[in-house]
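Please read these comments with the model open beside you, and take each point slowly.

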Protein chains: 2
Amino acid sequence: MRSSIATVCLAGTLEEKIEACAHAGFDGIEIMDMDVISSRLSPRAIGELVRSFGLTVELFQPIRDVEGVQPSAFAANARRFARKVDLAAELGAPGVLLCSNVGTATEQDDALIADQLHQLGGIAAASGLWVAYEALAWGKYVATYDHAWRLAAAADHSAVGTCLDSFHILSIGDDLSEIDTLPADRLFFCQIADARGLSLDPLTRSRHHRLFPGQGVFDLAGFVRAVQTVGYSGPLSLEVFNDVFRQSDTRTTAVDGLRSLRYLERLTSSTQHQATAAKSVDAVSLTSAHPAMVESLLALTGFTRSALSHEHESVWLQADAQVVVTEASADRELPMVGGMALRVPDVAAAIASAEDQLGPTRTDGPVTEVIAPDRTRIRFVSSSTAGGQPKTPGTLAPIGVVAIDHISLAQPWDRFDEGVLFYRAVAGLRPLVPVDIADPRGLILSQALENDDGSVRLVLTVDPSGLRPENNHVPPTHLGLRVTDIFHAAEAMAERGVGMLRIPDNYYDDLAARFELTDVELERLRRSNVLYDEDSSGGRYWQLYTRAYGDLFLELLQRDGGYSGYGASNAPVRRAAQQSTWTSADTRRR
Amino acid sequence: MRSSIATVCLAGTLEEKIEACAHAGFDGIEIMDMDVISSRLSPRAIGELVRSFGLTVELFQPIRDVEGVQPSAFAANARRFARKVDLAAELGAPGVLLCSNVGTATEQDDALIADQLHQLGGIAAASGLWVAYEALAWGKYVATYDHAWRLAAAADHSAVGTCLDSFHILSIGDDLSEIDTLPADRLFFCQIADARGLSLDPLTRSRHHRLFPGQGVFDLAGFVRAVQTVGYSGPLSLEVFNDVFRQSDTRTTAVDGLRSLRYLERLTSSTQHQATAAKSVDAVSLTSAHPAMVESLLALTGFTRSALSHEHESVWLQADAQVVVTEASADRELPMVGGMALRVPDVAAAIASAEDQLGPTRTDGPVTEVIAPDRTRIRFVSSSTAGGQPKTPGTLAPIGVVAIDHISLAQPWDRFDEGVLFYRAVAGLRPLVPVDIADPRGLILSQALENDDGSVRLVLTVDPSGLRPENNHVPPTHLGLRVTDIFHAAEAMAERGVGMLRIPDNYYDDLAARFELTDVELERLRRSNVLYDEDSSGGRYWQLYTRAYGDLFLELLQRDGGYSGYGASNAPVRRAAQQSTWTSADTRRR
């Protein structure tokens, strides 16, 4: 299907938007009335500019609230409509959108509306254009797609058809199954948008919180399959009103939008992409401003230095966990995960797939990396690169780390939704329900993404503005390491004198009220500063935090009985403990 | 009524919150379970710390989802509850809150719930405490205050009463009229919160978008009058979950909260405060980084320089409009309105009233100023200070400016709600419905506040992050000047060669579709770059913008037929024109 995007999805001037859509690789664009009204270019020049960039004007969205009124009022509305049809013709659009009346409709009379649609069809047809009638979820009398379609059919004019917008259908939980009863030759246009799982009224959700496909919770693959079944051959056009996209870099948002259509195409295609889904984490690479401190923390945690380490890069191994440490360039203030290697069945296929999903790649000799929106470099490998590495002698004993359980990745606030889609599309991960974590300085948004068996887990976090560097003593990124026995690990760390995060006594008093734990169990948790959680199906989770060493802290954790979360109920206690006991000096000193 | 605040309203550690509440002047605080769980202090030490600051622990909020379950499950819940009652006693709280079960309730059986509340009352009474049962708006079976109250009465235990939370009652549009049927001796507690006029589900609105009284749309004066009529003598306790407050300066938020209670007290008191409400704008003071350019713009617009001007401050007059220009200190990057003088019937009463409403004041000689959250200095005067001033000769003719119509004030993003309350409480202004304005770089939040006759109008705006200085060529602040004849003013400005904002032709083509204007009228608007609007009752509005001179631009406007808005439908066109035709150099050059 052809790809299209409404210019309202993007920030910038109309000229900037057109350039960004062409640069991303869209086939066409939808133009809104306000784009034209605000532009110094004449409508004809706008159309020519669009075509000079190799794009098509797929639709023009003019005035609203035209139909469903007394004949006398309709005459004035029809005159306004005719002016906008002239404008659409000058733009070179094949048709105009007509949204169901939300404000001024006075007549709940299907025959009258159909007659008025017939007249509007005549006006459009006189200029060689069509009219696509669309039900808005908050339309006064017409709010469902099947109602809009019945009216368009009753209009009985070849220039009158309908437009399906996934947002208006799915935001009110409407049924997709009627779509295949529509005749394809009257389905003139399809608009597509996803949305967060918020219980907002549809109007507010629509105006501010729409998302690109793959960033929210709607069943858009089902929507696309339904319109394909009908035989619709027009473009799939993104129409996403989003407060963040409105203020983001225009080119970046355009690429993000086209990626969402590529991802949707993959979801609805019959080809399988198992070869490209990440199977496990092979290594994580940390770029640290304080590499010596990070290395001592890894050594104390029982990692062995690989003999392949060199001056500018050290490699650390423990069972299946591999951590690479490099020094951050001087201009990077915050510590970050610099990259990760993911094991996939077929490296070449994974890279080709990432490129298809518009993941920007960088090739250096034999190695190709994909760059995530948060700047993490992702490398694909076919089998473990850690097993055969020679180790340097004389290191501390392992503490039972078996694997990297999860990697926490700090996201730029304005690229969070893009990041979710990227890790879905490029690494084949599945997002869980996002959670808010209360830190003493604000709510942190936390979004886990996992592969099918939980062997790859990323946790994307967005810090609130209140966590300005001077208020935030917690490094934004950490590693979760899975151990075989949390209490053994705690004892080993204690014997070595590793600084651990102290958990308040009051937390354990509360645990006693929440769970059926024996006094011995409670005392053991308390003494080891281990946090504990249970899920409703009997799964159990233990977690333990080191203090920050330079710009890294580690979580040691044990999962039991299929526990699949991350101890979210403990997170506020952990954050408060970190904020109140750590200081800038702790986390920044070399 | 005593003033109290839930610690969850504030950012910071528990110690920081306690200090800030005492500093603001609250009588008491509510403590939440998580405050205790996250603290290293023992519950007893927390209570002692609160009292050492002269505060009272008014309530403890422990576990939820206790009642409305099978007797076997209730036994475990009651044990957990008993532990939390012990904790409340150690804190020195007089009682605990019990919210209606939202999750685990299995029994929709009023008799069973009443019996279980009776048992919980017994547990609390054994420690000398009470239980206040509160209906959450999203409670599984108990969701309205009268239902919670009937159950508390049916519990038939002197230690069981109810808690009224304005949020849960007003967010579902419940009727306040039943409140006066409650017996006062069982109304144990009152929590108070306002909220924005959003159609969110109550849960999301509650967790993220509550506001302090006077910052939202709830009828809280009605709520307070109702509980006063009952004879409630406990504290009025703010319980406001707000994403922004959670990341704001703790002390500032505490003062904002106490101001909201002072304001509410004034609304519900019988005393009139007409003497302190602003009657008109006497003068506005601009602190400019480019005073010479600002002064030339004022001169070209027909202002006369007062002979009272001196080297560091010039005063400009035209009819009732008075503008003072001073040079900004070098460290201020953005231009701002530095201050304003408002005419009030009684200056001393206005200052005393502002101090009562916790407006910080600064006195310099005979002049006392109140400092707004956006740092604007507000001075009160009793009559016009402009009329009698001698003017310097040789200036340009007036262009018909009659008064300062409105002052646009840029707000820090995290102090917007505080600003709304401040201008309500201190200047007696009334907020209109806020609007979003689409700029090419993001949505601008715009909130007008006015006095009764519209002679004082402030427009508070918050820029999105996308309007970083490098993206934003529009000074954040401007003045709207009312003229007698917009076309005369336009001609005078044109003759003098003043740079005016050019409006695109497409805008006028759209006007032709929207309004019944003659070709002559349209052509006159187009030629003069005048924007036009009509309201539904026949009011008309004309507006015209100068280019930026240094860090100021002016809007010249004419109102007719009772038009009371600000031309919001024109704002996107105006912003786009400003962003695309102005450059950094335009607005920053000296």
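This is a predicted model: local features need pLDDT of at least 70, side-chain atom pairs count only at pLDDT 80 or more; totals for chains, interfaces and linings use all residues.

1. Chain A is divided into domain 1, covering residues 3-268, and domain 2, covering residues 275-588. When the centres of these two domains of chain A are taken over C-alpha atoms, 43 Å separate them. The contact between them draws on 18 residues from domain 1 of chain A and on 18 residues from domain 2 of chain A.

2. How much area do domain 1 and domain 2 of chain A bury between them? The figure is about 1600 Å², and 50% of it lies on carbon and sulfur atoms. Within domain 1 of chain A, the residues that lose the most area to domain 2 are A:R259, A:Y263 and A:R266, which together account for 40% of what that side buries.

3. Two salt bridges are counted between domain 1 and domain 2 of chain A, and ten residue pairs across the same interface are in polar contact, with both residues at pLDDT 80 or more. Helix α10 of chain A, residues 250-268, gives the largest share of the domain 1 side that touches domain 2, namely nine residues. Sorted by class, that side of domain 1 of chain A has six nonpolar, seven polar and five charged residues. A salt bridge that you can look up in the model is the one between A:D417 and A:R196, whose closest N and O atoms are 3.1 Å apart.

4. Turning to the two chains, 56 residues of chain A are in contact with 56 residues of chain B. The area buried between chain A and chain B is about 4200 Å², and carbon and sulfur atoms give 52% of that area.

5. Which kinds of polar pairing are counted between chain A and chain B? There are four salt bridges between the chains, and there are 18 residue pairs in polar contact, again with both residues at pLDDT 80 or more. In one salt bridge, the side chains of A:R441 and B:E16 meet with 2.8 Å from N to O. Several elements of chain A each supply at least two residues to the side that touches chain B, among them the helices α4 (71-91) and α17 (571-581) and the strands β21 (435-439) and β22 (442-450). By class, this side of chain A has 22 nonpolar, 17 polar and 17 charged residues.

6. In chain A, eight strands form an open sheet with mixed pairing, and their order is β12-β13-β14-β11-β15-β18-β17-β16. The edge strands of chain A are β12 (304-305) and β16 (361-364), each of which pairs on one side only. Inside this sheet, strand β11 of chain A (residues 280-288) and strand β14 of chain A (residues 321-327) pair in the parallel sense over five bridges, and A:S285 stands opposite A:V324 in β14 of chain A.

7. Chain B also has an open sheet of eight strands with mixed pairing, in the order β12-β13-β14-β11-β15-β18-β17-β16. Its edge strands are β12 (304-305) and β16 (361-364) of chain B, each pairing on one side only. Strand β16 of chain B pairs with strand β17 of chain B (residues 367-371) in the antiparallel sense over four bridges; B:D364 stands opposite B:V367 in β17 of chain B, while the bridge partner of B:T361 in β17 of chain B is B:V370.

8. Where β16 turns into β17 in chain B, two residues lie between the strands, and B:G365 takes a positive phi near 65°. Strand β17 of chain B is in turn joined by three antiparallel bridges to strand β18 of chain B (residues 377-381), with B:V370 opposite B:I378 in β18 of chain B. The hairpin of β17 and β18 of chain B has five residues between the strands, and here B:R375 takes a positive phi near 75°.

Technical notes:
Residues are numbered from 1 along each chain as its sequence is written. Chains are lettered from A and ligands numbered from 1 in the order in which they are written. Side-chain values use heavy atoms; hydrogens and water are left out. Domain bounds come from an automatic or database domain assignment. Contact means heavy atoms within 4.5 Å. Buried area is the accessible area (1.4 Å probe) that two parts lose on being put together, summed over both. A polar contact is a pair of N or O atoms within 3.5 Å; within protein, one must be able to donate a hydrogen and the other to accept it, and residues adjacent in sequence count only if both atoms are side-chain atoms. Ala, Val, Leu, Ile, Met, Phe, Trp, Tyr, Cys and Pro count as nonpolar, Asp, Glu, Lys and Arg as charged, and the others, Gly among them, as polar. Two strands pair if DSSP finds at least two bridges between them.
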